[in-house]
Amino acid sequence: MSWRNTESTLKELERALSLNDYLCFFDTETTGLKPGRDKVIQIAGIKVDKEFNEIGTFNEYANPFPMIIPAKITEITGITNSDVEDARSEKEVLTDFMNFSNKSTYFAYNSNFDVNMVSKSLEGYGVPVSMEHIDVLKFAKDVLCDKKLENHKLRTVAEHLDVVPEENNFHDALFDVRMTIAVFRALLKEVSKNGFVSSAGKECPKVWTLRPWDMGRNRRVYVTTSLGTLYYDKIKQVWGDKDAGIDNINMDYIEKICLQIAQRGGFKNLSSVSRELRA
């Protein structure tokens, strides 16, 4: 049995939504994977209000000069050097995007990457920015944690949720933005349909030890408690139940205590735990 982190996820969403007037779903295509070194070659965004009414759309290529687009990137995105040769500079395009998305909380699929690409690039031009953001990929992993998906790529999740149109163009930034919105809304419906179990009234057992266990493709941290043993899947980033009766346990409490133990041992999070720790 898996435990959904839905309660804490929804609290995070509620907090993020309260900070700004709008939501901006966005995506970037880039020359590579290293923020601060690689450059944005396409950025698209759709700005909506909190009822998902569309306010505006941004979609533009950027010239990465003096860099050129590697052949592998063209193979993935379909964007060629000739497509961007007459485009505006990365600085101009990203600055306009930030003006377009003003007063927004940002949403993206694997948002850390896209936010870092935009912010690091603009910092390099002497234009510091702050982007409060929500990762739709993390939300998908949470809500769909008990589904046997091959992976959690945007296409895979969108196909599972049956939101992919017959004609599709994944890795075009604007199309990926539209898919991210469709996936996010479908995930919200999934949460609404299935609900989630509140932590109120659940037991808060004593946590004894954290014990990492790695074998083959399995990467887990076993947690022994006064009610039995749980485990944290470091790859899927979800909790599982060995013999502790997870339905009766306050998992928000368990995660909080386990994080405290991990951090006392010098680990930033449960996924990084690599040796036995004791409470």
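Trainee: What should I keep in mind about numbering and confidence?

Mentor: Residues are numbered from 1 along each chain as its sequence is written. The model is predicted, so local features need pLDDT of at least 70 and side-chain atom pairs count only at pLDDT 80 or more, while totals for chains, interfaces and linings use all residues; side-chain values use heavy atoms, without hydrogens or water.

Trainee: What is the strand order in the open sheet?

Mentor: Strands of a sheet pair through backbone hydrogen bonds, either parallel or antiparallel. Here, strands are DSSP runs of E with at least two residues, helices are runs of H or I with at least four, and both are numbered from the N terminus. Two strands pair if DSSP finds at least two bridges between them. The open sheet has 5 strands in the order β4-β3-β2-β5-β6, with mixed pairing. β4 (54-61) and β6 (133-135) are at the edges with a single partner strand each, so one side of each has no neighbour in the sheet.

Trainee: In which sense does β2 pair with β5, and with β3?

Mentor: β2 (residues 22-30) and β5 (residues 104-108) are parallel over 4 bridges, and S104 in β5 is the bridge partner of Y22. With β3, β2 pairs in the antiparallel sense over 8 bridges; D27 stands opposite A44 there. β3 and β4 also run antiparallel, joined by 7 bridges, and form a hairpin with 5 residues between them. F52, in that turn, has a positive phi of about 70°.

Trainee: Is β3 enclosed or open?

Mentor: Buried means under 20% relative accessible area, exposed over 50%, and partly exposed in between (1.4 Å probe, protein chains only). In β3, 9 of the 9 residues are buried, so the strand is largely enclosed by the rest of the structure.

Trainee: Which residues of α9 are buried, and which are exposed on the other side?

Mentor: Helix α9 spans residues 251-264. M251, I254, I257, C258, I261 and A262 are buried. These cover an arc of only 140° around the axis, judged from the directions from the helix axis to the C-beta atoms, which puts them on the same side of α9. On the other side, K256 and R264 are exposed.

Trainee: What is found just after α9?

Mentor: G266 takes a positive phi of about 95° there.

Notes. Expected span 1.5 Å × (residues − 1).
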